[in-house]
Amino acid sequence: MRPLPKLTSENEFYWTSGADGVLRVQYCESCNRYLHPPQPVCPDGGGQPVIREVSGRGTVAGVTVNHQQWLPDMEPPYAIGLVVLEEDPRVRLTTLIVDIEPEEVVVGLPVQVRFEQHDDVWLPVFAPTGEPVVADADYPEPAMAPVRAMASAEKFEHKVAITGIGMSEVGRRLGRNPITLTMEACNQAVADAGLTMDDIDGLSTYPGGGARDSGLSEGGIYPVAEALGIAPTWFCGTPETAGQTGSVVNAMMAVASGLCRHVLCFRTVWETTSMLWGNRENSGIAGGARVSGDMEWRLPYGAMSAGNWIALLASNYFHRYGATREQLGWIPVMQRAGAGLNPTAVYREPMSIEDYLGARMITTPLGLYDCDAPCDGAVAVVVSAIDAASDMPHRPVLVEAVGTQVRERISWDNSTLEHLPMVNGPAHHLWSRTDLKPADVDVALLYDGFSFIALCWLEALGFCGRGEGAAFVNGGERIALNGELPLNPHGGQLSAGRLHGYGFLHEAVMQLRGHAGERQVKDAEVVVTSAGGGIPAGALLLTRG
């Protein structure tokens, strides 16, 4: 039942190393560096890597004790580790830490490889060497690419505006076909903009049609265009963009280029109903199919959730900066307070820091309330040409800047350890496209698929220094509705529901219009939103028109 990697000519050397008990990793002789996962060419010098034997010794750089039952044959708790190889600290392996009680595994623990055979695969796992823990182990950070200067003084952002928003019914296990949710949100957004479907000449969404049965999509552009009865001039549905709201950035560029005048952007999730209808019961992984690509390096070790991957980085952050769960807990606690003022939020009942700390663990250091709430719902927005915005029923929301740049390696386990990958790039790129500063922001709507993601965005966007995020949110006063930086006053995804980035955009428009009711931030003029945490990710800076 455990998902095993699909053996290919590119990876077989690694997954069968255990046949003779020796770990093997790719090595570039011209660059004098090891590579993992295997690559056809070295990204530094373009050389052809060779396969080299290594000692199998390493140090734990991150650890999470998984308490969630993901697989029938992997009984929790078990310790998932991120191991830095002795030969090259730039090589990190997601693996299992064995022969030790899971709760005793700590950052800095010296370990040695051993192998577990499953069919024709020998999984490298690691056990303690018995040597003392390395208290101040140095884990070098990969260099980030420089922020690129603006390609043109003329900003495409200033040619567009957000003119309409819509949100369907939101809840758990609604039992509705996702297309009906999409239509509800789309019809609201178009009417909110004072338009008809005949005015819509573009469609944009994330992630497209391939994720329908997982509950992460309504089916993509084609069924939505059919249901709406429109023939768009331009359309785009893709997961490889700057976070979930990268689909909105794509729409902005289509409008700014003159290809479209009004693009309807939509995002639909129906995870709870999809699971209720049994769409995931017969998935390839559950059926024992082999896995390939990026997931083959994590799923065989029971690291089935993004929560596991993020928790590995969070553990290094906690170790490095001395952060605590109680500090992190103020993010979900304060967002629950905001959700109590949001009639569409999934969870509205009050929550205390004691409730947070007393909840069951999912994957240390993340507990139940650190995880966002799967739900059913759809959000839609209309992006229009700026010259059309003055004729709309509502005050337009203007786009000051986008953050879309990639500055770090696109990898969950072989990129940065200090924060989440692909967070710093969009954040720094955003500020390079505007004269506004973090101090000008009135509301922060930051992605919180897990609470640690929002913490990383706070630091990356410059609201506090690196390693200062936990102290910034501690106690909740600074991120409260009337605080220095109101954070996700609608409840975020932790309490309002996992609307995958678009919920933040909807709230941004509500705040900038002054339509947020009891949770309205007084005189909100500048809002920053982010989408994604890790891979992919992006950011938007919006202002009141």
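Predicted model: local features only at pLDDT ≥ 70, side-chain atom pairs only at ≥ 80, totals over all residues.
Reader: Over how many bridges do strand 1 and strand 2 pair, and which residue is the bridge partner of Gln 26?

Author: Strand 1 (residues 24–28) is joined to strand 2 in the antiparallel sense over three bridges, and Gln 26 has Leu 35 of strand 2 as its bridge partner. As a general idea to carry along while inspecting such a pair, side chains in a regular strand alternate between the two faces of the sheet.

Reader: How many residues lie between strand 7 and strand 8 in their hairpin, and which residue in the turn has a positive phi?

Author: Two residues lie between these strands, and Asp 119 in the turn has a positive phi of about 55°. Strand 7 (residues 110–118) pairs with strand 8 in the antiparallel sense over eight bridges, and within this pairing Glu 116 has Leu 123 of strand 8 as its bridge partner.

Reader: Why can strand 8 be described as largely enclosed by the rest of the structure?

Author: Burial is judged by relative accessible area, with under 20% counting as buried. Strand 8 (residues 121–128) has seven of its eight residues buried, and it is therefore largely enclosed by the rest of the structure.

Reader: How many residues of helix 10 are buried, and against which elements do they pack?

Author: In helix 10 (residues 424–432), seven of the nine residues are buried, so this helix too is largely enclosed by the rest of the structure. The buried residues are Asn 424, Gly 425, Pro 426, Ala 427, His 429, Leu 430 and Trp 431, and they pack against strand 16 (397–403), helix 11, strand 18 (526–531) and strand 19 (538–544).

Reader: At what angle do helix 6 and helix 11 pack, and how far apart are their axes?

Author: Helix 6 (residues 306–321) and helix 11 (residues 451–460) pack at an angle of about 55°, and their axes are 10 Å apart. That angle makes helix 6 oblique to helix 11, and the crossing is left-handed. On the side of helix 6 the contact is made by Ile 310, Leu 313, Ala 314 and Tyr 317, while helix 11 contributes Phe 452, Ile 453, Leu 455 and Glu 459.

Reader: Is Ala 242 buried or exposed, and which residues is it in contact with beyond its neighbours within four places in sequence?

Author: Ala 242 is found in the loop between strand 11 (234–237) and helix 4 (246–256), and it is buried, with a relative accessible area of 11%. Leaving aside those sequence neighbours, Ala 242 is in contact with Gly 403, Thr 404, Ala 537 and Gly 538.

Reader: Where is Pro 232 found, and what is its relative accessible area?

Author: Pro 232 is found in the loop between helix 3 (221–228) and strand 11, and it is partly exposed, with a relative accessible area of 22%. Not counting residues up to four places away in sequence, Pro 232 touches Asp 201, Gly 202 and Leu 203. The C-alpha atoms of Pro 232 and Asp 198 are separated by 9.7 Å, with the two residues 34 residues apart along the chain.

Terms used. Residues numbered from 1 in each chain as written. Heavy atoms only, no water. Axes fitted to C-alpha atoms, helices over the stretch in contact; angles between N-to-C directions. Helix = DSSP H or I, 4+ residues; strand = E, 2+ residues; numbered from the N terminus. Parallel < 35°, antiparallel > 145°, perpendicular 65-115°, else oblique. Left-handed = near helix turned anticlockwise from the far one by under 90°. Contact = heavy atoms within 4.5 Å. Pairing = 2+ DSSP bridges. Buried < 20%, exposed > 50% of the residue type's maximum accessible area, 1.4 Å probe, protein only.
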